[in-house]
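Hello,

Here is the structure you were expecting. My notes on its cores and helix packing follow below.

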Amino acid sequence: MYSIEKISSDEALKLIHYCVQQVKQHNKAVAVSVCGPECELIAFIRMDGTSPAASRIAQNKAYTAASDRAETSKMGERMRGNDNPAFWGDERITGFGGGVPIIQNNKVIGAIGVSGLPEADDEQLAKDAVKEVFGY
């Protein structure tokens, strides 16, 4: 038997709740997606007023962070360099900042993707959420 460490649905909801509460304080809206290490969706919200495009982008950010095991902004740096996005052969891979892997015991247990703010703000909110829920 093979078992994996994976973010729980309760932890995913806590990440989303944190993000929602933070952006509400500034009268903003975002889409937030959380997936497991296998890149499958665990939890998602698109706040009222968030663009429909942000929904897909947030999900792709979480997917990419889990798949690549790195922040999506790092993928973006590679894409702007010599790496062609077609190299990965996966249309869901994105280089927009705002996707962050969730690492515990040196293993990716999931990822969070935030979309709807400027990329740097999406990424910071995702990192802050992980810190709030997991303490790092």
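Which residues have the most contacts inside the largest nonpolar core? They are I7, L15, I112 and V114, in a core of 25 residues. A nonpolar core here is a set of buried Ala, Val, Leu, Ile, Met, Phe, Trp, Tyr and Cys residues joined through side-chain atoms within 4.5 Å, and buried means under 20% relative accessible area with a 1.4 Å probe, protein chains only.

This is a predicted model, in which local features need pLDDT of at least 70, side-chain atom pairs count only at pLDDT 80 or more, and totals for chains, interfaces and linings use all residues. Residues are numbered from 1 along each chain as its sequence is written, and side-chain values use heavy atoms, without hydrogens or water.

Helices are DSSP runs of H or I with at least four residues, strands are E runs of at least two, and both are numbered from the N terminus. Leaving aside neighbours within four places in sequence, L15 is in contact (heavy atoms within 4.5 Å) with residues including I7, V34, I112 and F134.

A second, separate core has 9 residues, among them Y63, A65, A66 and M75.

The axes (lines fitted to C-alpha atoms over the stretch in contact, with angles from 0 to 180 degrees between N-to-C directions) of α2 (residues 52–68) and α3 (residues 72–80) come within 9 Å and cross at roughly 80°. The two helices are therefore roughly perpendicular, a class that covers 65 to 115 degrees. K61, T64, A65 and D68 of α2 meet T72, M75 and R78 of α3.

After α2 comes R69, with a positive phi near 60°.

Regards

Note on methods. Angles under 35 degrees count as roughly parallel, over 145 as roughly antiparallel, 65 to 115 as roughly perpendicular and the rest as oblique. Buried means under 20% relative accessible area, exposed over 50%, partly exposed in between (1.4 Å probe, protein chains only).
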